[in-house]
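The following note sets out numbered points for discussion. Please read each against the sequence and the coordinates.

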Amino acid sequence: MLIVSNWKAYVEKKEQGKALFEAAKKLGSKGKHTLVLAPSAPQLALLASGNKSKVAFAAQNISVSTGGASTGEITGSTYKDAGASYAIIGHSERRAMGETNEIVAGKVQHSFAQGLIPIVCVGEKERDADAQYLQELRHQIASIFSPLSPKERLGVVLAYEPVWAIGPNAAGVITKHDLEEMVLYIRKVISDFMPGRANEKTTILYGGSVDASNSNELTVTTGVDGLLVGRASTNVSTYSALLNSLS
Ligand code: PGA
């Protein structure tokens, strides 16, 4: 499975970042799962420099800018040069700051052009009895896939992250049954953009309040190919417990 750690702004000290990286290297050495760390930009540069381990790095976000006169922006190409192989795009915490589906789609294209694999976050804000949220999700996915080439479409990693399940104020975690249904629905939506059964190959992650207590249940038989983990990935003991809980 692909296990992506989104450190958000939780990890501010170099020592904490280094300790988490060491834990990932140790736990990842068994080779069972592909481990990806998404630190802040300065920590990514520090940790990824000279990295020879199997642990890979992701940007938490990339700029809409492709370089030049954009003060304070960090381009995908800068992340790539610093050692990232992936970029998280369209996280709900970025969307909440004004990132539209169009901006997200543009960043996904930059990401491919700059040699990064995009991990694109989609997910409904809330659930309604009329299942309008399924349309919201379809729209997010369609706007990501529509502008891409057939080859790029095959390379998208989708992270299904229902917004109501994310962060310390989450309303709860998704049930195993609901997650299984959502993965089927997402693959059906993707199939509109891919010929034949190619949609079955798309890597789909789940994210939202994942920790050692639910990680195994959420990954066995739900059809997901991995996890995008926030809080539980930012502390060595909760991160190790989570990885050890996976079968
Ligand atoms: P959380 O965050 O695990 O802290 O809920 C998940 C995410 O936002 O990717």
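1. A polar backbone atom of G230 is 2.9 Å from an oxygen atom of the ligand. The side chain of E161 also takes part, with an N or O atom 2.7 Å from a ligand oxygen. Polar contacts are pairs of N or O atoms within 3.5 Å; within protein, one atom must be able to donate a hydrogen and the other to accept it, and residues adjacent in sequence count only if both atoms are side-chain atoms.

2. The residues surrounding the ligand are N6, K8, H91, E161, I166, G167, G208, S209, L228, G230 and R231.

3. On conventions: residues are numbered from 1 along each chain as its sequence is written, and side-chain values use heavy atoms, with hydrogens and water left out. As this is a predicted model, local features need pLDDT of at least 70 and side-chain atom pairs count only at pLDDT 80 or more, while totals for chains, interfaces and linings use all residues.

4. Most residues other than glycine have a negative phi. K8 belongs to the loop between β1 (2–6) and α1 (14–28), and S209 to the loop between β7 (203–207) and α9. Helices (H or I, at least four residues) and strands (E, at least two) are DSSP runs, numbered from the N terminus.

5. Is K8 buried or exposed? K8 counts as buried because its relative accessible area is 16%; the classes are buried under 20%, exposed over 50% and partly exposed in between, with a 1.4 Å probe and protein chains only. S209, at 19%, is likewise buried.

6. T222 is found in the loop between α9 (215–219) and β8 (226–229), and its relative accessible area of 2% makes it buried. A polar atom of its side chain lies 2.6 Å from the backbone oxygen of L218. Setting aside residues up to four places away in sequence, T222 touches K176, L179, E180, V183 and E217, where contact means heavy atoms within 4.5 Å.

7. K32, in the loop between α1 and β2 (34–38), counts as exposed at 53% relative accessibility. Beyond its neighbours within four places in sequence, K32 is in contact with M1, L246 and S247. Its C-alpha atom is 29 Å from that of P168, 136 residues apart along the chain.

8. Which members of the largest nonpolar core touch the most other members? Of its 61 residues, they are I141, F145, L158 and Y206. Helix α8 (residues 176–191) supplies the largest share of this core, seven residues. A nonpolar core is a set of buried Ala, Val, Leu, Ile, Met, Phe, Trp, Tyr and Cys residues joined through side-chain atoms within 4.5 Å. L158 touches, among others outside four places in sequence, V120, I141, F145, I186 and L205. A second, separate core of 14 residues includes A38, Y86, I119 and A159.

9. Finally, K25 lies over the face of F21, at 4.2 Å from the ring centre. The criterion is NZ of Lys or CZ of Arg within 6 Å of the ring centre and within 35 degrees of the ring normal.

Technical notes
Near = heavy atom within 4 Å.
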